[in-house]
Amino acid sequence: PPGAGGGISAEMSWGWGQARLHILAIVFALEVSVGKTNTVVALNNSDVLLPCTFATCIGFQDLVFTWYFNSTELIYHGKIKSKSSEPVLVVRNPRVEFVGSTTGKDNNISIVLKNVDFSDAGKYTCHVKNPKEKNAQHNATIFLTVVQKMVETDNTLTLIIVSVVGGVIGLLVLFMLIKRVVLFIIKKVQDGKKECLVSSSGNDNTENGLAGSKAEQKAPPKA
Ligand SMILES: *[C@@H]1O[C@H](CO)[C@@H](O)[C@H](O)[C@H]1NC(C)=O
Ligand SMILES: *[C@@H]1O[C@H](CO)[C@@H](O)[C@H](O)[C@H]1NC(C)=O
Ligand SMILES: *[C@@H]1O[C@H](CO)[C@@H](O)[C@H](O)[C@H]1NC(C)=O
Ligand SMILES: *[C@@H]1O[C@H](CO)[C@@H](O)[C@H](O)[C@H]1NC(C)=O
């Protein structure tokens, strides 16, 4: 029937369309990443590494990368001519230093923010634009928290929970240990008593038995 044939061809072309889209996505995907975690905690006055890498399948040329603070404030702007060269600085915040490298295996475009202050806390976005990929753009974001001491206020609650839970577990373990020790002692004492009872009753039995049998053996002739 023509209806069924039409259905099949429509499905086939849909399938091919999906496959082509998928291949295009793989070939042209510019990926920017800040790593496994998207939060960094830094001490007041310390230097902090803000990590970022990018990957591209077809390579890059005159690639532009930019770091933004809280989405709007440009803190680092660099250009990379090609894979065989290191980035060239365009503009930067004086407290920001480029620490990456783009000639190695990873295209590392990490920066270090020096002498952090509480006002530096916020959102850091690493943005990449690749003209070789029809100006494909991608970005990744990392959040910076600045603390006075490495024990956060959040941690006090965690610490309390951990120590309470730990204490309870500790008490349970202690209780179980005491129970085991007590049971062990009781068993030992009972075993000791049993041994004594067995040996003494055994001796008694043999003596009694012997005596008894003797008595019994002696008894019949008398009777
Ligand atoms: C943060 O560092 C500055 C500079 O040393 C210092 O003046 C300030 O007291 C520090 N702030 C806190 C809350 O420790
Ligand atoms: C990028 O380079 C910095 C500085 O050498 C290094 O600390 C960091 O681990 C690198 N990151 C990755 C993902 O390779
Ligand atoms: C940056 O953003 C954070 C929230 O993401 C905010 O708390 C902070 O005040 C902002 N800092 C500046 C300087 O705008
Ligand atoms: C980052 O990418 C998202 C889309 O993925 C976009 O909405 C946002 O504007 C970009 N941010 C910057 C700072 O370019």
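In this predicted model, an oxygen atom of ligand 1 lies 3.2 Å from an N or O atom in the side chain of Gln148, a polar contact in the sense of an N or O pair within 3.5 Å. Around the ligand (a heavy atom within 4 Å) stand Asn44, Asn45, Phe118 and Gln148.

Turning to the strands (DSSP E runs of at least two residues, numbered from the N terminus), three of them form an open, antiparallel sheet in the order E3-E10-E8. Strands E3 (48–50) and E8 (96–98) are at the edges with a single partner strand each, so one side of each has no neighbour in the sheet. Neighbouring strands are turned by 30° against each other on average, direction ignored (axes are lines fitted to C-alpha atoms). E3 pairs with E10 (residues 111–113) over three antiparallel bridges, where pairing requires at least two DSSP bridges. Within this pair, Val48 has Leu113 of E10 as its bridge partner.

Residues are numbered from 1 along each chain as its sequence is written, with chains lettered from A and ligands numbered from 1 in written order. Local features need pLDDT of at least 70, side-chain atom pairs count only at pLDDT 80 or more, and totals for chains, interfaces and linings use all residues, while side-chain values use heavy atoms, leaving out hydrogens and water.

Technical notes
Helix = DSSP H or I, 4+ residues; strand = E, 2+ residues; numbered from the N terminus. Axes fitted to C-alpha atoms, helices over the stretch in contact; angles between N-to-C directions. Polar contact = N/O pair within 3.5 Å; in protein donor to acceptor, adjacent residues only side chain to side chain.
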